[in-house]
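This report describes one protein model, part by part. The sequence and structure come first, and the notes follow.

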Amino acid sequence: MNAKKKTRGRILHTTTVIALLAGSAYLTVELRQEQQAKAPAVQAVTDTPDLKSSGTTSLGEQRWERLKSPARSVLRGENGQVLATFTDGARTATLTGPSRTFTEPAHTKSRVVTENWVRLMPEAWTKGAEKERWFKEWFGEYFGSEEDDLFALGFQYVDQAPVKKDDEGVAYAGDADFGPINPEGSEGADLRLEQSDFYDYLGIPYTFRDGTTLQPESMRARSMDCSGFIRTVFGYRARYPLRASDESGDGLPRTANGMARSDLGADIIELKGKAPFQRPASIDVLQPGDLVFFKLDARTKERLDHVGIYLGHDTDGHKIFLSSREEVNGPTIGDKGGTSRLDGNGYYAKTLRSAKRL
């Protein structure tokens with residue numbers, strides 16, 4: 001396979017020709033070198049993916065379409081196929097690209113085969129943004145690109161994922177735990193401690209944009225709870241701004257409850273009432289990359305207490321999500337402790353309460 005090519009500064013034309021690739025793929029690993037305040041610089045690392053081309057297809061003339069509920073712009077190809085979706089107020093975009101297969105053989109036989117690539121735009125989408133220069137440059141670079149997207153980043157932390165280190169020797173990817181054993185917990189009842197964030201996993205101090213510096217706890221090394229996992233993928237890796245807590249700063253809050261109740265992005269499934277006890281009437285509005293929020297524990301009262309990333313359908317046709325859980329001790333799409341399906345009447349399907357597109 002030819003090495004991937006990027007075209008920077010390309011103007012989006014009304015006619016675009018791309019190569020659509022089919023077949024299963026191993027994940028490409030490339031972390032762009034960026035630096036946030038006092039965070040370690042990251043060395044670019046590239047693995048060679050096993051993608052096989054089935055030929056080149058001309059998409060022909062493209063057209064833009066505006067849709068409602070939620071308000072969004074959809075780019076369609078010559079035959080009406082969806083090429084990309086951009087939601088008002090959200091920075092995450094879903095692009096159609098090469099087919100990939102995501103699996104977690106250590107814990108499940110479920111497989112996700114998808115052509116959806118979820119990426120973070122430099123700005124939130126607004127109606128008419130397709131005419132703006134920032135978007136034309138961004139879209140020209142990433143449409144059809146095989147560079148790691150949010151899904152690829154997320155699966156770099158599941159069971160048996162290989163360790164990746166930056167130029168300072170900090171392991172920024174690899175099999176992650178949920179958290180240390182809770183001395184007062186038991187199987188099925190707070191077996192592991194929560195509150196492990198991305199800087200705990202990394203084992204480095206981290207200074208947030210508001211100047212707050214937080215220190216890692218050694219007992220939480222290589223660990224991230226459910227919201228810590230989201231902050232690792234969207235924040236530390238994809239560079240979505242992060243808050244030090246739920247209260248301070250203007251980025252992604254620390255907890256699942258803080259994320260769900262924030263004014264960030266677009267609320268795809270709105271939370272009904274202060275106390276989240278009502279199950280959504282429909283989940284058909286979900287799009288790959290959406291954050292999904294759950295109410296699992298009655299002891300947390302009105303607080304939502306779990307969050308994951310919606311992946312789309314698995315090969316059995318079920319809506320599936322990825323999250324960090326204490327039963328498996330880390331990020332998983334497995335069913336230990338509760339079926340990872342959002343459809344039907346399983347544990348997580350019954351406890352789903354809201355969804356957000358960042």
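**Helix 1**

Just after helix 1, Gly144 has a positive phi of about 85°. Helices (H or I, at least four residues) and strands (E, at least two) are DSSP runs, numbered from the N terminus. The model is predicted: local features need pLDDT of at least 70 and side-chain atom pairs pLDDT 80 or more, while totals for chains, interfaces and linings use all residues. Residues are numbered from 1 along each chain as its sequence is written, and side-chain values use heavy atoms, leaving out hydrogens and water.

Among the buried residues are Trp134, Phe135, Trp138 and Phe139.

**Aromatic rings**

Rings of Phe, Tyr and Trp (its six-membered ring) pair if their centres lie within 6.5 Å; planes under 30 degrees apart count as stacked, over 60 as edge-to-face and the rest as tilted. The count comes to 27 aromatic pairs. Tyr199 and Phe208 have ring centres 6.5 Å apart and planes at 85°, so this pair is edge-to-face. Both Tyr199 and Phe208 are buried.

Ring pairs also link a cluster that includes Trp64, Phe86, Trp125, Trp134 and Phe143.

**Charges over rings**

A charge sits over a ring if NZ of Lys or CZ of Arg is within 6 Å of the ring centre and within 35 degrees of the ring normal. Arg100 has its charged end over the ring of Trp117, 3.6 Å from the centre. Arg325 lies over the face of Tyr348, 5.0 Å from the ring centre.

Definitions and conventions. Buried means under 20% relative accessible area, exposed over 50%, partly exposed in between (1.4 Å probe, protein chains only).
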